[in-house]
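Thanks for making time this morning.

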Amino acid sequence: MFSRTSSFQARNLARCFSTSLPSNYKVSILGAAGGIGQPLSLLMKLNSDVTDLALYDIRGAPGVAADVSHIPTNSTVKGYGPENDGISTALKGSDVVIIPAGVPRKPGMTRDDLFNTNASIIASLAGAVADNSPNAAILVISNPVNSTVPIVSEVLKAKGVYNPKKLFGVTTLDVIRASRFISEVQGTNPTEETVTVIGGHSGITIVPLISQTPHKSIPKEQRDALINRIQFGGDEVVKAKDGAGSATLSMASAGARMASSVLSALSGKTSVTEPTFIDNPLYKSEGVEFFASPVTLGPEGVTEVHEYGPVEDYEAEMISIAKDTLKKNIQKGIEFVASQK
Ligand code: NAD
Ligand code: LMR
C-alpha cells in the first residue's frame with residue numbers, strides 16, 4: 001500500500017527526481033545601501049534561489065542587511081563596509097555579483113557625464129570581483145553602462161579571469177519600460193507585452209523593435225513618440241525627481257528580474273532569454289565589441305546570442321546610428337582602463 005505523502009515530502013521527492021541543480025546561491029550587491037541597492041536587496045532577499053546575500057557599500061550596508069535579514073525567507077544576509085577589507089569577504093564564494101554602485105544623474109546631465117566619477121568606482125570594484133569571485137556572473141547597473149561594462153571586461157582581462165559569457169550590462173529597465181509604454185499607447189495588458197530592445201543603454205543607443213511586436217502598424221507619429229519615450233524614459237524620471245537622483249524602484253525591479261533569470265539559468269531550471277548588453281560576437285566585424293542582444297542563458301552564463309532578425313528600414317537606420325555611438329562609448333571605457341596601467 002502507498003503511504004500518504006505530505007506536500008512537503010512531495011516537494012522534496014520532486015526535487016530528488018528533478019534534473020535541475022540545487023538552488024543554493026550566494027549573491028552579492030555592491031552599492032547595496034543606495035537608491036537602487038536597498039530595494040534590490042529586498043527583492044533578492046525574496047528570491048528563493050538565494051541562500052546567502054552579501055550587501056556591500058562604502059556606507060550603510062550593515063543597516064540595510066539588519067533590516068532585510070528579518071524577512072523570513074531561506075537566506076542569511078550580512079552587511080559589509082570598507083573596514084577590515086569587507087568587500088573581499090562580501091565577494092568570496094559569490095555566484096552572482098550585482099553592481100549598482102556609483103553616482104546617479106541630475107537634471108541636465110547625460111549618462112556619459114557620470115563617466116569621470118563612476119569609471120574609477122567600477123574599475124576598483126571589478127578588480128575586487130576578479131580577486132575574490134572570479135567565476136561569478138557579474139551584472140553591471142552603474143552608468144554609463146555602455147562604458148562601464150567594457151571597463152569591467154578590461155579589468156578582468158588584465159587579471160586573467162575574463163569570461164565574456166558571465167558579464168552582463170543590465171538593460172532590462174529599457175525592456176520593462178517598453179512593455180509598459182506600448183501598453184499605455186495600445187490600451188493592452190503590460191504583462192503580456194514583450195518588446196525586444198537592442199543596442200545599448202543611453203538615448204539613441206536604445207533601439208526597441210516595434211516592428212517585431214503585434215503593434216507594427218501603429219501610426220508613424222505615435223510610433224516615433226513611443227520610441228522616443230522608451231529611449232529617454234530615464235530622463236523622465238530624472239526630471240521628476242528634480243535633483244534627487246534617477247530611477248531606483250523600477251530599476252530594482254528590472255535588476256531583480258535580470259538576476260532571477262541568471263540564477264534560474266545557473267540552476268539549470270529553465271532556459272531563459274533576456275536582452276542584455278554583452279561582449280557580443282555578432283557585430284565585432286563592424287567594430288562593435290559590445291551590444292545588447294536577446295541572449296539565452298544557461299548554467300555557464302550565455303549559451304546563445306540571437307540575431308535581432310528582420311527589421312524595417314527606419315529600425316535599420318536606428319541600429320546603424322546606435323552602433324556609431326556605441327563604438328565611441330566602448331572605446332572610452334577601454335581607454336580608461338589602459339590609462340590606469
Ligand atoms: P545612489 O547614489 O542612490 O546609490 C549609489 C550607492 O553606491 C551609494 O549607496 C554609495 O555609497 C555607493 N557607492 C559609491 N561608491 C562605492 C564604492 N566604491 N563601493 C561600493 N559602493 C559605493 O545611486 P542609485 O540611484 O542607486 O544609482 C546607482 C547607479 O545606477 C548610477 O550610476 C545610476 O546612473 C545607475 N542606474 C542604472 C540604471 C540602468 O538601467 N542600468 C538605472 C538606474 C540607475
Ligand atoms: C535609467 O534609464 O533610468 C537609468 O539609466 C538612470 C538614468 O540616468 O536615466
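What follows is a description of the chain, its domains and the surroundings of the ligand.

First, some housekeeping: this is a predicted model, in which local features need pLDDT of at least 70 and side-chain atom pairs count only at pLDDT 80 or more, while totals for chains, interfaces and linings use all residues. Residues are numbered from 1 along each chain as its sequence is written, and chains are lettered from A and ligands numbered from 1 in the order in which they are written.

Along its principal axes, the C-alpha trace spans about 65 × 60 × 40 Å.

Turning to the domains, the assignment, which is an automatic or database one, gives domain 1 (25-170) and domain 2 (171-331), with C-alpha centres 21 Å apart. Where the two meet, 37 residues of domain 1 are in contact with 40 residues of domain 2, contact meaning that C-beta atoms, placed from the backbone, lie within 7 Å. On the domain 1 side, several elements each supply at least two residues, including strand 1 (25-30), helix 2 (37-45) and helix 6 (145-158), and helix 6 gives the largest share, six residues. That side divides into 23 nonpolar, seven polar and seven charged residues, where Ala, Val, Leu, Ile, Met, Phe, Trp, Tyr, Cys and Pro count as nonpolar, Asp, Glu, Lys and Arg as charged, and the others, Gly among them, as polar.

Finally, which residues come nearest to ligand 1? Of the 33 residues around the ligand, they are Gly31, Gly34, Gly35, Ala101 and Asn143, a residue being counted when its C-beta atom, placed from the backbone, lies within 6 Å. The shell around ligand 1 draws at least three residues from each of domain 1 and domain 2, and its largest share, three residues, comes from helix 5 (residues 115-132). By class, the shell has 18 nonpolar, 12 polar and three charged residues.

Definitions and conventions: Helix = DSSP H or I, 4+ residues; strand = E, 2+ residues; numbered from the N terminus.
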